[in-house]
Amino acid sequence: MFTLAEVASLNDIQPTYRILKPWWDVFMDYLAVVMLMVAIFAGTMQLTKDQVVCLPVLQSTVNSKAQPGTSGRADFTTVETTTGQGEEASMRTVSFGSAPTVTPDVPLSRATSSQYQPTESGEELKKEQKDSSGRKTNLDFQQYVFINQMCYHLALPWYSKYFPYLVLIHTIILIVSSNFWFKYPKTCSKIEHFVSILGKCFESPWTTKALSETACEDSEENKQRLTGAQSLPKYVSTSSDEGSPSASTPMITKSGFKFSADKPMIEVPSVTILDKKDGEQAKALFEKVRKFRAHVEDSDLIYKLYVGQTVIKTVKFIFILGYTANFVNTISFEHICNPKVEHLIGYTQFECTHNMAYMLKKLLISYISLICVYGFICLYTLFWLFRIPLKEYSFEKVREESSFSDIPDVKNDFAFLLHMVDQYDQLYSKRFGVFLSEVSENKLREISLNHEWTFEKLRQHVSRNAQDKQELHLFMLSGVPDAVFDLTDLDVLKLELIPEAKIPAKISQMTNLQELHLCHCPAKVEQTAFSFLRDHLRCLHVKFTDVAEIPAWVYLLKNLRELYLIGNLNSENNKMIGLESLRELRHLKILHVKSNLTKIPPNITDVAPHLTKLVIHNDGTKLVVLNSLKKMTNVAELELQNCELERIPHAIFSLSNLQELDLKSNSIRTIEEIISFQHLKRLTCLKLWHNKIVNIPSSITHIKNLESLYLSNNKLESLPAAVFSLQKLRCLDVSYNSIALIPVEIGLLQNLQHFHITGNKVDILPKQLFKCVKLRTLSLGQNCITSIPDKVSQLLQLTHLELKGNCLDRLPATLGQCQLLRKSGLVVEDHLFDALPSEVKEVLNQDTSIPFANGI
């Protein structure tokens with residue numbers, strides 16, 4: 001027999017699971033408990049009380065003087081006369097009463113009769129009693145016990161014997177069926193997580209805040225808020241909270257306040273405290289809900305299991321009711337028993353009474369009633385399961401009440417669990433929906449962000465850049481703090497990796513802002529903010545992964561002067577370039593594109609009439625189509641870097657206004673086309689560095705106006721005399737080649753100010769080099785030079801001299817005559833500098849501030 005504690009454990013579930021127990025499950029649990037008590041009560045009665053009591057049924061003779069016994073009575077007297085073949089007729093008298101009087105040891109011929117049997121005389125009776133022998137053994141009681149046991153198994157119906165155990169087994173099965181989905185591992189884990197998350201969502205302070213404050217905004221109120229924001233203070237400092245017990249939880253201005261319909265006047269937004277710890281817990285809940293939803297929505301195992309166990313209970317109810325109803329009438333008080341033990345007892349038929357028949361019948365009727373109620377509830381559960389699609393759940397009512405219109409509908413097991421929770425209390429799903437809303441999550445991030453990034457903290461992050469402008473760089477935040485727009489003197493704002501960046505109307509306060517950086521930050525702007533940016537923004541840097549990340553409003557900034565686009569502009573399979581029209585950028589002067597283009601985007605021609613500088617960095621992708629360049633008639637600076645060009649593109653020769661050409665990091669081997677540059681009268685700077693050029697054609701002499709020539713990092717072995725015929729040349733860079741000799745013609749470059757020949761094989765410096773008296777920068781490092789002529793003193797304007805990495809033994813003392821040269825501009829080994837005369841070192845160590853002339 002099961003103990004009550006063992007049976008109760010089958011129905012034991014965590015108390016927190018009660019929210020997933022609808023009223024019918026709770027009611028069926030109580031019915032199961034009552035059925036369990038019926039089984040225990042009936043079983044206890046069977047174990048503690050006598051089962052049956054049986055008495056023999058006697059056969060009456062024809063001449064019997066005694067009255068026949070009444071069937072079913074406990075006390076009666078029967079006289080049976082038996083006539084044998086012998087001479088003597090013996091008379092057997094059996095008296096059934098509370099105390100048996102028959103002694104089995106006495107022979108039947110001499111057995112005494114009861115007080116009701118007539119005798120011949122008293123003396124004769126005494127004589128017989130005196131002659132009889134034997135002893136009393138109470139075997140009649142053993143006979144009764146034996147017959148009771150045999151008739152219990154033979155005459156009593158099986159249902160009367162096993163009714164309590166059947167009820168117990170059925171009840172246990174029903175209990176297990178009701179709670180199996182709480183025990184099965186693949187559903188139990190999901191249910192456990194769901195209940196845990198649901199409880200935290202219900203108790204989270206953010207849930208109450210979101211439903212009571214941020215859920216009552218509509219479009220008209222937002223318009224009033226924006227209108228009223230102009231009359232509000234630009235910034236409310238929280239510095240007064242420092243040192244107080246609540247310093248870690250400063251007051252946060254609520255942006256979503258509601259105007260009263262009766263009071264159209266503008267009210268200051270209410271201030272709400274959100275504990276930092278609560279905010280962090282709420283953010284963690286958003287992440288948990290997101291992952292749980294993705295995990296549970298992909299299957300419907302919980303739904304199928306619940307339906308399955310409900311079907312099992314219904315089938316069980318039909319089965320129990322079907323066979324139990326047939327056995328109600330079999331439980332009776334009277335039963336006839338024929339045990340076939342006449343050789344032991346002397347009787348063939350017994351009439352038995354089932355002592356507990358009345359009580360068991362009443363218990364069975366009660367059990368059937370309970371099963372009927374249980375079954376009707378099961379049928380109702382099935383009706384509920386199939387009446388509506390439980391694998392879909394809509395938050396439409398929550399969206400209407402809370403104004404969180406972005407709460408998504410859910411499906412599969414997630415939807416089923418929410419339907420079950422609704423049977424407990426619909427408030428749970430309403431509060432849970434807050435954590436499915438991106439609007440709610442963004443609002444939480446905004447509050448937490450503003451809590452952390454106060455005006456004072458942002459002010460500490462403002463720095464001065466190389467252009468001496470005030471710059472603020474915000475990296476990997478959940479949004480843009482409101483206090484940023486109170487930095488009215490900010491010149492440059494950099495937003496990097498802020499996917500939820502929003503630029504509000506408050507940016508109109510930043511009158512000094514002219515440069516904006518959006519690095520993987522597809523910022524959204526309000527209409528007022530866009531109007532301000534359209535009129536005031538001059539420089540915009542946009543770094544992206546896909547061209548779709550470029551905000552649409554970028555193409556409408558009509559007063560933009562500089563635009564830097566860094567990212568993949570090619571759409572799928574390079575069939576087209578996804579860059580939108582730049583026609584609205586009417587004042588764009590500089591366009592910098594770093595991408596992987598196969599051709600120059602045709603949309604760039606929209607800004608061709610006023611574009612003065614075009615830079616294309618192609619990251620190693622071969623730029624094939626360059627015909628669009630011909631339309632860039634006003635371009636003065638052109639850079640085509642890392643485009644895998646093998647020759648100078650002919651389209652460049654049509655750019656009559658070109659002043660500077662940079663073809664860095666390509667695969668150019670020959671520059672025979674350089675003669676065509678003679679038509680570009682304004683070309684002053686030619687950069688062919690980091691290529692594979694082997695020699696310089698003599699036709700370079702036709703570029704009369706060339707002032708800067710960069711040929712570093714090529715494969716040059718010599719410098720032709722034609723290079724030194726460029727009289728206007730002020731900068732010549734031939735570093736990192738294989739040049740072994742500096743031609744004496746270099747003395748012809750009287751305007752040369754910067755000469756770089758680092759990383760070559762030069763061993764001797766010609767004296768003519770020092771005739772270039774305007775030299776300010778002379779880079780001779782990493783060569784094979786063994787000595788520096790004393791004529792270096794003729795370079796009176798020299799400010800930078802690089803000699804490190806040569807074979808020098810000493811430095812000329814005449815270095816001290818280079819009036820503008822200082823130790824900081826002398827790049828040489830320490831031991832060579834230390835070997836200089838003390839007076840020379842003293843001159844070089846002088847810390848004098850001498851204004852430098854403007855270089856190239």
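## Disulfides and charged pairs

Cys151 and Cys337 form a disulfide, with 2.1 Å between their sulfur atoms. A disulfide here is a pair of cysteine sulfur atoms within 2.5 Å. The model is predicted: local features need pLDDT of at least 70, side-chain atom pairs count only at pLDDT 80 or more, and totals for chains, interfaces and linings use all residues. Residues are numbered from 1 along each chain as its sequence is written, and side-chain values use heavy atoms, with hydrogens and water left out.

- Helices (H or I, at least four residues) and strands (E, at least two) are DSSP runs, numbered from the N terminus.
- The torsion about the S-S bond of Cys151 and Cys337 is about -90°, so this disulfide is left-handed.
- Cys151 and Cys337 are both buried. Buried means under 20% relative accessible area, exposed means over 50%, and partly exposed lies in between (1.4 Å probe, protein chains only).

**Disulfide Cys54–Cys352**

- The structure holds two disulfides. Cys54 and Cys352 form one of them, their sulfur atoms 1.9 Å apart.
- Cys54 belongs to strand 1 (residues 52-56) and Cys352 to strand 7 (residues 350-354). The pair links distant parts of the chain, 298 residues apart.
- The S-S torsion of Cys54 and Cys352 is about 110°, so the disulfide is right-handed.
- Both Cys54 and Cys352 are buried.
- Counting bonded cysteines along the chain, the disulfide pattern is 1-4, 2-3.
- In general, a disulfide is a covalent bond between the sulfur atoms of two cysteines.

**Other cysteines**

- Cys201 is buried, at 1% relative accessible area.
- Cys519 is in no disulfide. Its nearest cysteine sulfur belongs to Cys521, 8.3 Å away.
- Cys519 counts as buried, at 17% relative accessibility.

**A buried glutamate without a salt bridge**

- Glu639 lies in strand 20 (residues 637-641).
- Glu639 is buried yet has no salt bridge. A salt bridge is a side-chain nitrogen of Lys or Arg within 4 Å of a carboxyl oxygen of Asp or Glu.
- For Glu639, the nearest side chain of opposite charge is Lys613, 4.3 Å away. Lys and Arg count as positive and Asp and Glu as negative; His and the chain ends are not counted.
- The Glu639 side chain makes a polar contact with the side chain of Gln641 (3.0 Å). A polar contact is a pair of N or O atoms within 3.5 Å; within protein, one must be able to donate a hydrogen and the other to accept it, and residues adjacent in sequence count only if both atoms are side-chain atoms.
- Leaving out residues up to four places away in sequence, Glu639 touches Lys613, Leu614, Val615, Ile616, His617 and Asp662. Contact means heavy atoms within 4.5 Å.

**Salt bridges**

- A search of the whole structure finds 20 salt bridges.
- Glu297 and Arg293 meet through their side chains in one (2.9 Å, N to O). Glu297 is buried, at 12% relative accessible area, and Arg293 is partly exposed, at 23%.
- Asp606 forms a salt bridge with Arg583, with 3.8 Å between the closest N and O atoms. Asp606 is in the loop between strand 18 (590-594) and strand 19 (613-617), and Arg583 is in the loop between strand 17 (562-568) and strand 18. The two residues are 23 residues apart.
- Asp606 is partly exposed, at 21% relative accessibility, whereas Arg583 is exposed, at 55%.
- Lys687 and Glu660 also form a salt bridge (3.4 Å, N to O). Lys687 lies in strand 22 (residues 685-687) and Glu660 in strand 21 (residues 660-662), so the pair ties together parts 27 residues apart in sequence.
- Lys687 and Glu660 are both buried.

**Segments listed in the record**

- An unreviewed UniProt entry lists residues 27-47, 162-182 and 364-386 under "transmembrane region". Such annotations may be inferred rather than shown by experiment.
- Residues 162-182 are 100% helix and 0% strand, with end C-alpha atoms 31 Å apart.
- Residues 364-386 are 100% helix and 0% strand, with end C-alpha atoms 33 Å apart.
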